Amino acid sequence: MASSIASSAVSLQLPSNKGRVKLSSGDSNVFIGGDKRNASFKLQSFSRVSMVAAVNVSRFEGISMAPADPILGVSEAFKADTDEKKLNLGVGAYRTEELQPYVLNVVKKAENLMLERGENKEYLPIEGLAAFNKVTAELLFGADNPVLKEQRVATVQSLSGTGSLRLAAALFERYFPGAKVLISSPTWGNHKNIFNDAGVPWSEYRYYDPKTVGLDFEGMIADIKEAPEGSFILLHGCAHNPTGIDPTPEQWEKIADVIQEKNHIPFFDVAYQGFASGSLDEDASSMRMFAARGMEFLVAQSYSKNLGLYSERIGAINVVCSSADAAARVKSQLKRIARPMYSNPPIHGARIVADVVGNPDLFNEWKEEMEMMAGRIKSVRQKLYDNLVSKDKSGKDWSFILKQIGMFSFTGLNKAQSDNMTNKWHIYMTKDGRISLAGLSAAKCEYLADAIIDSYYNVS
């Protein structure tokens, strides 16, 4: 108790008639039981009582301050910077050429449809909006895919990609105790947190080769082969975060071969479908190939990026099973896990997705907007490369920037160099050297190239 409560004891003599007591300590007076004029008496004449005066110390004193989130903390630091040249390339959120947030026109139209229909805000079922679950599975696998026709996919709407991953992790912990998840090195910063908090063990497989700023494919295959049989292999379906480096179609086939040989279970994280290449079908090709092989696997899905529904928290966990019966049982247990975790998912964003994907006109308009957003990112990627090549006379090969895909580029800068980008150039990015090209404008490409060259050559 001494560590949590500071106290002092005062001995008093109280009269039998419960008279009033005056305590003197320096210039301060404390009166107990009455007013000042009746408080005078001899202390030694009365029986003893002890009083404890407690200092107000929090019961949560033992809780330490948590470190800032390595990704979201970048935005907080950016907001505090008053320099007019500052640039936020930390968080993966799409910006216009004027570096402003963008609400898709097709989203606005879907919201207007909801207003016209006068939709209510009643609770959704635990598994989410039925229309959403239908179109989201069709978006991943294709409407005519046998896995859907045979009802072999358990789809549950969840709280975007993060919530979908967390729901799957809870399923692993409960029904695959001791099974390990293999995560790429590097990976999205929240993956490890999710599995740690779910009590699921994980280890890493090699992915990024700093020498080539490319894929360490041989290392990846070797590590998947060495993993204990029946491990979950976490794969980025497209636009790998943070590197922007994806396997080729031929490499995906080899990855599937090894996973099948070792009886592993693939687990795709798909946060950028349609936003990577500009094609929804092309960005889903790896998962559709695994489905065509008859493999059982999971897909965590998010609409934060491709529909700009960042704060709506809209996504799904999809589990491809070998039979409709297995899918029904898996779905029942996902619902059982979700009920005490968050009860049921949000409806607003789910209706937007259902309307956009389920309406042919809106769907086509969405594809055009995605192509526009993906095209703008490809454009600034090219312009950044051109500026680096024209400014750097050393002959360094910067082509890895063009080989990467999606909203991110892994620059190869180390922590000290990334710190220089922020401290000297007011360019905010994650400390692993990742920059979000979605937050870059064409007008800022030359400035960014100057900062990268300075940091790369002048900071070790």
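Predicted model: local features only at pLDDT ≥ 70, side-chain atom pairs only at ≥ 80, totals over all residues.
**Entry 1: charges over rings**

I started with R434, whose charged end sits over the ring of F408, 3.8 Å from the ring centre. I also looked up K86: its charged end sits over the ring of F78, 4.4 Å from the centre. A charge sits over a ring here if NZ of Lys or CZ of Arg is within 6 Å of the ring centre and within 35 degrees of the ring normal.

Residues are numbered from 1 along each chain as its sequence is written, and side-chain values use heavy atoms, with hydrogens and water left out.

**Entry 2: aromatic pairs**

How many aromatic pairs does a search of the whole structure find? I got 22. Rings of Phe, Tyr and Trp (its six-membered ring) pair if their centres lie within 6.5 Å; planes under 30 degrees apart count as stacked, over 60 as edge-to-face and the rest as tilted.

One of the pairs is W252 with F290, edge-to-face at 6.3 Å centre to centre and 85 degrees between the planes. This pair links distant parts of the chain, with W252 in helix 8 (residues 249–261) and F290 in helix 10 (residues 285–292), 38 residues apart. Helices (H or I, at least four residues) and strands (E, at least two) are DSSP runs, numbered from the N terminus.

Are W252 and F290 buried or exposed? Both are buried. Buried means under 20% relative accessible area, exposed over 50%, and partly exposed in between (1.4 Å probe, protein chains only). W252 and F290 also belong to one aromatic cluster with F141, F268 and F297.

I then turned to Y456 and Y457, an edge-to-face pair at 4.8 Å centre to centre and 90 degrees between the planes. Y456 is partly exposed at 31% relative accessible area, and Y457 is partly exposed at 38%.

Most residues other than glycine have a negative phi, and most peptide bonds are trans. The bond from S185 to P186 is cis, with omega near 5 degrees, and P186 is in the loop between strand 7 (181–185) and helix 6 (191–198). N241 and P242 are also joined by a cis bond, with omega about 20 degrees.

P242 lies in the loop between strand 11 (232–236) and helix 8, and A239 is found in that loop too. A239 is not a glycine, yet has a positive phi of about 55 degrees; A239 is buried at 3%. S160, in helix 5 (residues 160–175), has a positive phi of about 60 degrees and is buried at 1%.

**Entry 3: the sheet**

In what order do the seven strands of the open sheet run? I read 6-14-13-12-11-7-8, with mixed pairing. Two strands pair if DSSP finds at least two bridges between them. Strand 6 (153–159) and strand 8 (202–206) stand at the edges with a single partner each, so one side of each has no neighbour in the sheet. The twist averages 25 degrees from one strand to the next; axes are lines fitted to C-alpha atoms, for helices over the stretch in contact, and angles run from 0 to 180 degrees between N-to-C directions.

Strand 7 and strand 8 pair in the parallel sense over five bridges. The bridge partner of S184 is Y205 in strand 8.
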